[in-house]
Structures are given as structure tokens and as C-alpha cells.
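Q: Let's zoom in on the ligand and its surroundings. Take me through that part slowly, please.

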Amino acid sequence: MRAFEMNVDGLVGPTHNYGGLSYGNVASQRNCHEASSPREAARQGLAKMKALMDMGYQQAVLAPQERPDVAALRRLGFTGNDAEVIQRAAREAMPLLVASCSASSMWTANACTVSPSADTADGRVHFTAANLNCKFHRSIEHPTTSRVLQAMFADPQHFAHHPALPAVAQFGDEGAANHTRLCKGYGEPGVEFFVFGRSAFDSRFPAPARYPARQTLEASQAIVRLHGLSEAGVVYAQQSPAVIDQGVFHNDVIAVGNGEVLFYHQDAFLDTERVLAELADKLARVGGRLQAVCVPREAVSVEDAVRSYLFNSQLLSRSDGRMRLIVPEECRNNAAVWRYLEGLTASAGAIAEVQVFDLKQSMQNGGGPACLRLRVALNEVELAAVNPGVIMTPALYDSLNLWVDKHYRDRLSEHDLSDPHLLTECRTALDELTQILKLGAVYPFQLA
Ligand code: SUG
């Protein structure tokens, strides 16, 4: 049976802004309080989706969330009608209003962890929504994320959905940003590679000193159990605490894998040799041959990797068996990174081609091409069971661009977030979007 990798990209929401909300994510901190352009951000994301669709990949779209999240503000003690809640929060606790406005659900690599049916005990595709509980603005995503995912992957015969793990730091879970699947073919059993930043209960694992390690080993282990993965098909690795302290807040800022290829920085992991040996061994048992492409620190420093987002690229299979890398423009603007990429594609290695995309609006918040997409490997029967309304087509691309132009502001500053009209604009836009994407009622304002 044929199988595919579907990229599910987050559609940037109408409140996209630079809130400086993510301590440890240097771009988010650097661009705090800059004015944003939600319209341009959404268009940049759509252009990437269209380009991948045109290249022949399966592409889908994940709807943004209702923002500001008035219910979250109410839980924090703000009262009155919706406009009063927003205005009180603006007066008394602006950082909380900013957090409740974040469009951070655009980074769908953090929406959940997905295990394809070839790996799971019950032969279904499993999804566990990420609790994202390291940051308040992201911890409020998962209830809506779960509803949207269920509306997209609805058939219980093929798809199993698990709620987010308990919302405590010990089970900090950031979804697929710390999960990579290596395999010979998308429809065949693979090796699921879980990278964690710290252990909640075992002090033998060192923790970073400066920035938070968002993903725990215990969270990854819980997902392995929930998804019914066999230990023979799972590898765990600890991210180097030193790179977390340099701004590598997710593994997908320092490594990316696809098929049999793992593209990673020399300093990405602790105990790299053991990790590679285990990956090679477990992949060999399912008929694959690991191709490890290590980027030496002499060629690209961790600082340049973080600045350019070289590893937050999409590694995509081509029909000739080699791969293409989708990178953000910041890679071309970085001399060391671009030199490295030119050398890489000139060699006869696994990565044959590099394509550059302008994703500046998202990049300024620390979200590159790979952050913007969730990968879902599906066989052809499962693909046929996906809600067709969310699958990108030329017609959907046109409708979504028109929808963005109709509803999105061109410019948004922190001051604009206290405007209660923004909530009305967002709800009006999302109500129309659920019809375009045929999602049914998924938002709190639709369910009330
Ligand atoms: O969680 N930035 C996101 C970026 C997520 C990138 N995702 C992956 N690497 N997979 C984060 O830090 C910044 C929001 C602000 O500051 O306004 C933010 O949430």
C-alpha cells in the first residue's frame, strides 16, 4: 500500500504579534514589542504550503485559535463582559493580555506528537496533544488543538487521540519538535526518536543552567506508552544542556530527520556515539540504513545555527530517493551557513537541493519552516479518511488568501491588543474559516 508524509502547517492567526513571551528563545526575546504584520505572516505561511503542494507533497492546514483567550483571562480573575475583561487586563496586567493574544498555535510542530499506524500496537495513527506547559501562552493551546485535530482526523477506526499529559513541569511536553521518525518507507515500521532536555525524577541527567529545558524524559516515555510503541522501535536521547543554554529550546532547532537521514549538529546531543549506534541498530532491524549527516561546529557554530535556523528546515524526500531541504532566508544571509549548504549540495550526499523561503514574520518569533509544520505519515486508506476540507488545493489556497486579505490587519502593535474589536474580528474570521475548512464547531465561542 502506498504511504505518504503529510505536512500539516499552522495557518497564522489574526493576532500574530511579538510579545517577547518565550524566555530561552532568543528571537522571541530579541523582537519583543516590534510591530508585526499578521497578514504578511499568514501569506508567507500559505506561500510555503502552496510551494510544497506544487512539488507534489501532501499538504494540509491547521486552523488558528480564538484570541485573545478571554476564558484564560477570566480564570486569572478578570471579570465583566468580554470587552471589560480585555480592558481590565490591559490596564492591570498587560503581559497577561499579550500572552492571551499570542498566535503561537501557528507552530504546529508543537501541537502534538504523532505516531504512524505502522509503529503502534493497535495499528492506528496516534496523536497526543502537547501540554506546552513551560510557557503560559502556549499552555492554553491544547484544548482547542485537540478539537481541531479531531475534526481533521476524525475516523476512530484509523485515528486515536490522547489528551495532553498532566500540566505540570515534570511532564513538560512540546510535541513533535522533540520527536523525529526514521524509517525506510513511511508505511513501514520505523524508529521513533525522542529527544528530551531533562529528567524530572532522575538527577543523573544534567539540566541546563540558564534557560529552561522544556521537554522531560518522563513526558516522552508516557507518549511511548500511550501510543503503544515497542521499545525495539524507540530511541531516547538527551539534548546537550549547553546548547539549550545557547538558545536551542527545542531539538528541531539543532537536528532534523526524514527517511533514513538524520541531519544534526555536532553539539546537538549528549552521548552522540551511543545515540547514533542505537538509531543505526534499530533502523537496521526494520530494514533501514542510517545516513547520519553531521554538521561540524567548525563549519557552523551553535550560534549561527540558532541565528539562521539551519536545522529548523524541512527535509523532504524527492522521487529520485535524494532529499531537498526547505530553509528560511536567514540561512542565505548567514555566510558560514550558506557556504556549508553550497558544499553540502555540491557533494553527492543524501541532501541534493536547498530551497529558500521568506518566513520572516514567523522567524522573528523563533519559528522556522519546521516549526510551522506537523508531520503525519499516512497510508492511502488513512489519507482517504482525512477531512478533505483541510487538504491544500489550488482552490483552497486562493480562498485562504482572500480570507486573510478580508480579515487580517496589516499591522499590529502591543497597544492594538487592548482593542476589544480584535476579538470580534478574530471570531468573525474563524467562524468563516471553520466553514471553508469544513471543521464544524471547534472554538469556545462556537461551543458556548
Ligand atoms: O514556543 N515562540 C515559539 C516558537 C516555537 C517554535 N517551534 C519549534 N521550534 N518547533 C516558542 O517559543 C514566541 C511568542 C512571542 O514571543 O510573542 C513563541 O511562542
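A: Quick term first: buried means under 20% relative accessible area, exposed over 50% and partly exposed in between, with a 1.4 Å probe and protein chains only. Bear in mind that this is a predicted model, where local features need pLDDT of at least 70 and side-chain atom pairs pLDDT 80 or more, while totals for chains, interfaces and linings use all residues. Residues are numbered from 1 along each chain as its sequence is written, and side-chain values use heavy atoms, leaving out hydrogens and water.

Now for the ligand. Around it are 22 residues, and Leu 21, Ser 22, His 137, Asp 252 and Cys 371 are the closest; to count, a residue needs a heavy atom within 4 Å. Sorted by class, that shell holds 7 nonpolar, 12 polar and 3 charged residues, with Gly counted as polar and Cys as nonpolar.

On its own the ligand has 490 Å² of accessible area, and the protein covers 100% of that (Shrake-Rupley, 1.4 Å probe).

Back to Cys 371: its relative accessible area is 4%, so it counts as buried. Cys 426 is buried too, at 1%. The whole structure has 0 disulfides, meaning cysteine sulfur pairs within 2.5 Å.
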